[in-house]
Amino acid sequence: MSGFYYVRSAGEEIACRAKGRFRREGITPLVGDRVLLERNADGSGTVAEILPRRNAFSRPAVANVDLLVMIVSEAIPVTEPYLADRVTVRCEKNGCGAAIVVNKCDLSPGDRLAAVYEATGYPVWRVSAATGEGISELRRGLAGKICCFTGNSGVGKSSVLNALDPAFTIPTGEVSRKLGRGRHTTRHVELFALGEDTLIADTPGFASFGDETEEPIFPEELPALFPEFGPYRDTCRFDDCTHRREPGCSVREASEAGAIHPSRYASYLRMYEEASHLKRWELR
């Protein structure tokens, strides 16, 4: 219902409106916010205050996320690693954990994508929403966290959620074999309770994960947002190394030796090139 927010408190879901000052101050409560609640005589509530956020994303509009989980696939559709890499970089920028779930392992084992992200240190789970493979391990990995699911259309985000708990009954969509992609069935962000201490937000997907709505990431920030670069960044020949063409670049050498996955390094170069066109003075 328009204008209402639904707040969980002591196991109860309460329909609330926000105080008028939020609109005047340009503040919007987000899914995942922790709030101070005032109860009304009719049983409804009022969001009186939004507590400080640990992190926040503008699109999808979520806050206080412990783990942003990217669902990827090597079956129909095949996920391009660059899409997931954009999300991991944004997670690092926003102080949010990242994880990878390779779905549809009944159709393809997912070795290629798993290898890319196992080398980063991010948690990686291989699952099949269709057969249940790996779902128990994933459920244990998410326990006690506020998680946000995203992924390109058709990879099975909603199917994985339904496999985690069939009571969710989230609508799922078919994948077009001609186009190699699915139709987004998630139209909004909603939190689902997976046990007493675990909350999961399903989001509309990578198409809605918009960098243009977030704080810009400048080229000099990017090396620190690829955690696997860490052991090599400070051993380059030049202190101001951009890790692209400079001689004596330990990061590039690590990629050539396989210590940094070449796919991730290629994403870094692509992001650096894109970010190099940003002009700080135009963004003020």
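Predicted model: local features only at pLDDT ≥ 70, side-chain atom pairs only at ≥ 80, totals over all residues.

Residues are numbered from 1 along each chain as its sequence is written, and side-chain values use heavy atoms, with hydrogens and water left out.

**Aromatic pairs**
- Rings of Phe, Tyr and Trp (its six-membered ring) pair if their centres lie within 6.5 Å, with planes under 30 degrees apart counted as stacked, over 60 as edge-to-face and the rest as tilted; by this rule there are five aromatic pairs.
- Phe226 and Phe229 are stacked, because their ring centres are 5.1 Å apart and their planes lie at 20 degrees.
- Tyr265 and Tyr268 are also a stacked pair, with 6.3 Å from centre to centre and 25 degrees between the planes.
- Phe226, Phe229, Tyr265, Tyr268 and Tyr272 together form one aromatic cluster.

**Burial and helix position**
- Both Phe226 and Phe229 are buried, a term that means under 20% relative accessible area (1.4 Å probe, protein chains only).
- Tyr265 is buried at a relative accessible area of 9%, and Tyr268 is buried at 0%.
- Tyr265 and Tyr268 are three residues apart in helix H8 (residues 262-275), so about one helical turn separates them; helices here are DSSP runs (H or I, at least four residues), numbered from the N terminus.

**Charges over rings**
- A charge sits over a ring if NZ of Lys or CZ of Arg is within 6 Å of the ring centre and within 35 degrees of the ring normal.
- Arg17 lies over the face of Phe4, 4.1 Å from the ring centre, and the charged end of Arg270 sits over the ring of Tyr82, at 3.7 Å from its centre.

Key:
Buried < 20%, exposed > 50% of the residue type's maximum accessible area, 1.4 Å probe, protein only. Helix = DSSP H or I, 4+ residues; strand = E, 2+ residues; numbered from the N terminus.
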